[in-house]
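Work through the exercises below with the model open. Each task is followed by its solution.

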Number of protein chains: 2
Amino acid sequence: MTDEKQKSWQSVKEEALARIHSRRWKPGQLIPFEADLAEEFGCSRSTVNRALRALADEGLLDRRRKAGTRVPLYPARKATLSVPVIREDIIAKGYDYSYSLVSLEAEVPPTDVAVRLGWTAARQGLHIVGLHFANTSPYVIEDRWIDQNLADSSDVEAFSNLSPNEWLVTHVPFTAGTIAFSSLNADTQTARLLDCPSGAALFVIERTTRNNRRSITTVRLIFAPGYQIETSI
Amino acid sequence: MTDEKQKSWQSVKEEALARIHSRRWKPGQLIPFEADLAEEFGCSRSTVNRALRALADEGLLDRRRKAGTRVPLYPARKATLSVPVIREDIIAKGYDYSYSLVSLEAEVPPTDVAVRLGWTAARQGLHIVGLHFANTSPYVIEDRWIDQNLADSSDVEAFSNLSPNEWLVTHVPFTAGTIAFSSLNADTQTARLLDCPSGAALFVIERTTRNNRRSITTVRLIFAPGYQIETSI
DNA sequence: GAGTGGTCTAGACCACTCG
DNA sequence: GAGTGGTCTAGACCACTCC
C-alpha cells in the first residue's frame, strides 16, 4: 500500500501502476474486478473505474466488459506527444523568433501533395514556403498548400510577415486531421534554406487538416538537422 | 444540435467540438460554465464535466478553476500515437515476420549511450544488435544496450532467435521511460544491414526505460527508408 | 472572499461479451 | 444468460484562483 489515508482516483492509479510494475499483476493476467478493488481500497467503484480507465487510455491495461481487466503483453504502446507550435517552441528554448517568407505562388500541386489533399482533378492551390528562425539560425521550413478559396487577396498580403499557421488558426475552421512523422534527405534547395549539407537527414512532420470531408491545407515542416521530438511515459 | 434524444458524455463532447469547429465558440473565448451547459443539454454536471475534460485532454479546451473554460488560441497541440510493437506492426501489414541476431557482445558503451543510460563510471553493458525483417526485406535495426546485471548466461542464449524487446517485456519490470523521434543519415554499416544507400535519411526511435531511478535499457530503432508513423486528431 | 472546475459517493441501469 | 465494465445521476465537499 502507498498510504492508507488517500482514496483519490490518482492514488488508486498509482497503486495499480505499482502492481503492474512490480509484476504483482503480471502481463497477460486478469486483475481483480472493479467492485473488489473498490472494497479493498475503501472507495467507490466510480473511483476505481476512473483510475483503471486512465491506465487503459495509456495502454497499460486492457479492459473489456464481461471479460474483465488484463495487463497487456506489450504495454505502453501509446505515447502522447505535444506537437510544437513553432513560435512557442523556439521562444521556450530561449531563442529569438523570427519568420521570413520564401515564396508565395498560385500553382498546381505535385501529385504527392494532391493525393494528401484528396484533389482528384488538377487545380491550383496557394503554395507558401516560409522559414522560421531561432535567433539567426534557420530552424524549420514551413512548406504549405492551402485551398485557394479560403484566402482572398487581402489575406495574401498578411503572409509576408505572418506564419501561415498563425493565419489559419485564426481564420479557418477545421474538423479533423492527420499527422505523420518521417525523415528526408535534404535536396539542394532545402539544404540552402536550412544552411546544412545537401543530403543531410532531416526530421519531417506532415499535417493535413480537413473541414468536414474536404482537405483545406497540408503542411510539411522540415526541421534543421539535430531536431528531435521527445516524450516520456 | 445533433440529436435531442442523446445525452451521453460523448454526444456532449461532439456538440462542444462542433461549436469549436464552427467558431460559435471562438479561440480565446470563454465558454459557458459546466452548470449552465448541463441545464442546456439536459444532463448532469458530471456528464458535461466528463465531456469537457476529454476535450481538454486532447488540447482542444483550456480549463481552470474559477477562471472557467476557454478555447485555446492554438488547439490540437497533442497527438497520441501508438508506438509499434515491431512484430505486430509487420504482421499487421501483411508481411511475414522474422528476426535475426547481428551481434551480441559485452562492451563499454560509447559516451552518448552512457549518457542516455545515466552511467557516470565506465562499465560494461550487454550490446545487442538485431535485424527485423518484413518478408525478406530488412525493416528495422534494433540496437540495444542492457544492464548486464539483468541477464545471466542462460538468458543470453535466448537472444539468438528472440527479439530482445520480447525478452525484456516478459523478464524485466520497469517504471518509466522516455521516447524520442529523430532522423539519421545511414552510415556504411547501417546501409549494409538495411540494404539501402549510404547516407539515406532514416527514421529513428529511441527508447530508454528505467526501473525506479536506474536505467535498465536503451534501444535505438533505425527504420529502413520510407518508414513513417502516422496518427489522426 | 467567492466562484469555478475537480473529485467523490451511492445507487442505478445499460451494453457488451463470454461461457 | 449472466457477469463485467460503461455510463448517468444528484448531491456534496474540496481546491484552486481570480477579483
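**Exercise 1.** Find which elements each supply at least two residues of the surface near DNA strand C.

Solution. This is a predicted model: local features need pLDDT of at least 70, side-chain atom pairs count only at pLDDT 80 or more, and totals for chains, interfaces and linings use all residues. Residues are numbered from 1 along each chain as written, chains are lettered from A and ligands numbered from 1 in written order, and side-chain values use heavy atoms, without hydrogens and water.

Step 1: chain A gives α1 (9-21) and α3 (45-57). Step 2: chain B gives α3, β1 (62-64) and β2 (68-70). Helices (H or I, at least four residues) and strands (E, at least two) are DSSP runs, numbered from the N terminus. Step 3: α3(A) has the largest share, four residues.

**Exercise 2.** Describe the residues around DNA strand C.

Solution. Near means a heavy atom within 4 Å. Step 1: of the 24 residues, Ser8(A), Trp9(A), Thr47(A), Arg45(B) and Arg63(B) come nearest. Step 3: by class, the surface has four nonpolar, eight polar and twelve charged residues. Ala, Val, Leu, Ile, Met, Phe, Trp, Tyr, Cys and Pro count as nonpolar, Asp, Glu, Lys and Arg as charged, and the others, Gly among them, as polar.
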